[in-house]
Amino acid sequence: SVDWSSFDDNLLVSGSWDFTVKVWNIRDGIVLQNLSSHQHWCHSVHFSPLDSRLVGSASTDRTAKVWNFETGDVVISLQGHKSYVSSIAFSSFFPSILGTGSDDTTAKIWDISQGITL
């Protein structure tokens, strides 16, 4: 999975079968950040449209993570799906809200400021 930053046209995030999330500077052809905390494949990635530092990732390890890609830190790891998390997307209107979809046939809406589902 890949996603472009809405803040910088040169930034692309990718999720991979090697369990990593990478933030790329496409203009220079370099990896700016190699984010590794997932324990299995990363199926989906998404840049926050409201916070230029945040990237979300969804994984076969049944977690979704929000990263500060500038520091490389996991801001929060979200657990609650019973099967792999296949998709993730930040809200375009509320900076602390994101959604995830899972192979367990559920979708969840999260408030990442509190780490809870809504």
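## Salt bridges

A salt bridge here is a side-chain nitrogen of Lys or Arg within 4 Å of a carboxyl oxygen of Asp or Glu. This is a predicted model, so local features need pLDDT of at least 70 and side-chain atom pairs count only at pLDDT 80 or more, while totals for chains, interfaces and linings use all residues. Residues are numbered from 1 along each chain as its sequence is written, and side-chain values use heavy atoms, with hydrogens and water left out.

Searching the whole structure turns up three salt bridges. Arg-27 pairs with Asp-28, with the closest N and O atoms 3.6 Å apart. For exposure, buried means under 20% relative accessible area, exposed over 50%, and partly exposed in between (1.4 Å probe, protein chains only). Arg-27 is exposed at 58%, while Asp-28 is partly exposed at 47%.

Asp-18 and Lys-22 form another salt bridge, with 3.2 Å between the closest N and O atoms. Here Asp-18 is partly exposed at 41%, but Lys-22 counts as buried at 17%. Then there's Arg-53 with Asp-51, whose side chains meet at 2.7 Å, N to O. Arg-53 is partly exposed at 35%, and Asp-51 counts as buried at 16%.

## The 1-2-3-4 sheet

Strands are DSSP runs of E, at least two residues, numbered from the N terminus. Two of them pair if DSSP finds at least two bridges between them. Four strands make an open sheet in the order 1-2-3-4, with antiparallel pairing. At the edges are strand 1 (2–4) and strand 4, each pairing on one side only. From one strand to the next the twist averages 20 degrees, using axes that are lines fitted to C-alpha atoms, with angles running from 0 to 180 degrees between N-to-C directions.

Three bridges hold the antiparallel pairing of strand 1 and strand 2. If you want a spot to look at, Asp-3 stands opposite Val-13 in strand 2.

## The 5-6-7-8 sheet

Another open sheet of four strands runs 5-6-7-8, again with antiparallel pairing. Strand 5 (42–47) and strand 8 (73–79) sit at its edges with a single partner strand each, so one side of each has no neighbour in the sheet. Neighbouring strands here are turned by 20 degrees against each other on average, direction ignored.

Strand 6 (residues 54–59) and strand 7 (residues 63–68) run antiparallel and are joined by five bridges. Leu-54 stands opposite Asn-68 in strand 7. Strand 7 also runs antiparallel to strand 8, this time over six bridges, and Lys-65 faces Ser-77 in strand 8. Strands 7 and 8 form a hairpin with four residues between them, and Gly-72 in the turn has a positive phi of about 85 degrees.

## Aromatic pairs

Rings of Phe, Tyr and Trp (its six-membered ring) pair if their centres lie within 6.5 Å; planes under 30 degrees apart count as stacked, over 60 as edge-to-face and the rest as tilted. That rule gives two aromatic pairs. Trp-17 and Trp-41 make a tilted one, at 4.1 Å centre to centre with 55 degrees between the planes. Trp-17 is in the loop between strand 2 (11–15) and strand 3 (21–25) and Trp-41 in the loop between strand 4 (30–35) and strand 5, so this pair ties together parts that are 24 residues apart in sequence. Trp-17 is exposed at 58%, and Trp-41 is partly exposed at 30%.

The edge-to-face pair is Phe-47 and Phe-69, at 5.8 Å centre to centre and 85 degrees between the planes. This one also links distant parts of the chain, since 22 residues separate Phe-47 in strand 5 from Phe-69 in the loop between strand 7 and strand 8. Both Phe-47 and Phe-69 are buried.

## Nonpolar cores

A nonpolar core is a set of buried Ala, Val, Leu, Ile, Met, Phe, Trp, Tyr and Cys residues joined through side-chain atoms within 4.5 Å. The largest has 12 residues, including Leu-54, Ala-58, Val-66, Ile-76, Phe-90 and Trp-110. Strand 6, strand 7, strand 8 and strand 9 (85–90) each supply at least two of its residues, and strand 9 gives the most, with three. Apart from this core lies another, of 11 residues, with Val-23, Val-45, Phe-47 and Val-55 among them.
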